[in-house]
Amino acid sequence: MADSSSFASAASPSGAHSPDVARALDATRDALAQAARRANRDPASVALIAVSKTQAADRIRPALTAGHRVFGENRVQEAQSKWPALRDATPDPVTLHLIGPLQTNKVREAVALFDVIQTVDRLRLAQALATEMERQDRRLPVLIQVNTGEEPQKAGVPPREAEAFVHQCRADLGLDVQGLMAIPPLDDAPAPHFALLREIARACGLPILSMGMSGDFETAVAFGATHVRLGTRLFGSRPQAPA
Ligand SMILES: *Cc1c(COP(=O)(O)O)cnc(C)c1O
């Protein structure tokens, strides 16, 4: 992949609190590769999802110019307002992951716009996705979100129900379930949550583990993350608080 940063975008608009995105990408790739090597893993086995939620197109363009092609957004409408134009201006395909909660009334737009849905967490949503993917003839890979901390306010299936839910999504609905995703509780050490997600994925025979954010991605890599989701580390602090 042509991902070496050309610093041609060094003149990108950068306010006092916005680090240069291309440089941050480079440094983050290095840190990710080092974390992989420390864990005796091939650096190529960990994908970097650049989380561009709340970032304006002007902040995203330098990452595209630097060769990055994998992005995450957490709101369907926001992604719809930014990505069609960004994709049109990009010479090769961009892979977009939906990493935020999905309402069933947004499923049609989500299936049309995104390439991976990481946040399947309830039967009604899984059914709506299966129906819509059939209708659009677009069978997207999906991940099941697991609420490893069993936090009442957080999305995700409870750990003890995850295996049965994965089976239901695959066998009954024909969804292409490829892995699991989790967001550990803010106040907990993340390692036990990553270990739990890995254990459930193993039990289900699932190869993909989406876990690890700016503050804990190195730990996530040590526990087998195949996809880390990094926002602030690449783009700086967000213009507004995440949902
Ligand atoms: C915002 C968000 C991220 C990125 O978080 P950072 O701490 O900014 O790296 C990752 N995953 C999900 C689900 C998010 O909503």
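A: A strand here is a DSSP run of E with at least two residues, a helix is a run of H or I with at least four, and both are numbered from the N terminus. The model is a predicted one, with local features requiring pLDDT of at least 70 and side-chain atom pairs pLDDT 80 or more, while totals for chains, interfaces and linings use all residues. Numbering starts from 1 along each chain as its sequence is written, and side-chain values rest on heavy atoms, without hydrogens or water.

Let's settle on T119, which belongs to strand β4, residues 116-120. T119 has a relative accessibility of 2% and so counts as buried (under 20% is buried, over 50% exposed, and in between partly exposed, with a 1.4 Å probe and protein chains only). Its side chain has a polar atom 2.8 Å from the backbone oxygen of G100. Neighbours within four places in sequence aside, the set is L98, I99, G100, L102, L125, L143, Q145 and M181.

T226 sits in the loop that runs between α8 (217-222) and β8 (227-230). T226 counts as buried because its relative accessibility is 13%. A polar atom of the T226 side chain lies 2.9 Å from the backbone nitrogen of L209. Beyond residues up to four places away in sequence, T226 touches R41, S45, V46, A47, P207, I208 and L209.

R202 gives you a view of the outside. R202 is part of helix α7, which covers residues 191-204, and its relative accessible area of 63% makes it exposed.

Most residues other than glycine have a negative phi. N40, in the loop between α1 (21-38) and β1 (47-51), has a positive phi, near 55°. N40 is exposed at 75% relative accessibility. E150, found in the loop between β5 (141-145) and α6 (159-172), also has a positive phi, near 45°. With a relative accessible area of 44%, E150 is partly exposed.

Nine helices and eight strands make up the secondary structure of the protein chain. With a radius of gyration of 17 Å against the 18 Å that the globule rule gives for 243 residues, the chain is as compact as a globular protein of that length. The radius is taken over C-alpha atoms, and the rule is 2.2 Å times the number of residues to the power 0.38. Along the principal axes, the C-alpha atoms fill a box of roughly 50 × 40 × 30 Å. Of the 243 residues in the chain, 50% count as buried, and T119 is one that counts as buried. Contacts between residues at least 6 apart in sequence include 60% that join residues at least 24 apart.

Terms used: Contact = heavy atoms within 4.5 Å. Polar contact = N/O pair within 3.5 Å; in protein donor to acceptor, adjacent residues only side chain to side chain.
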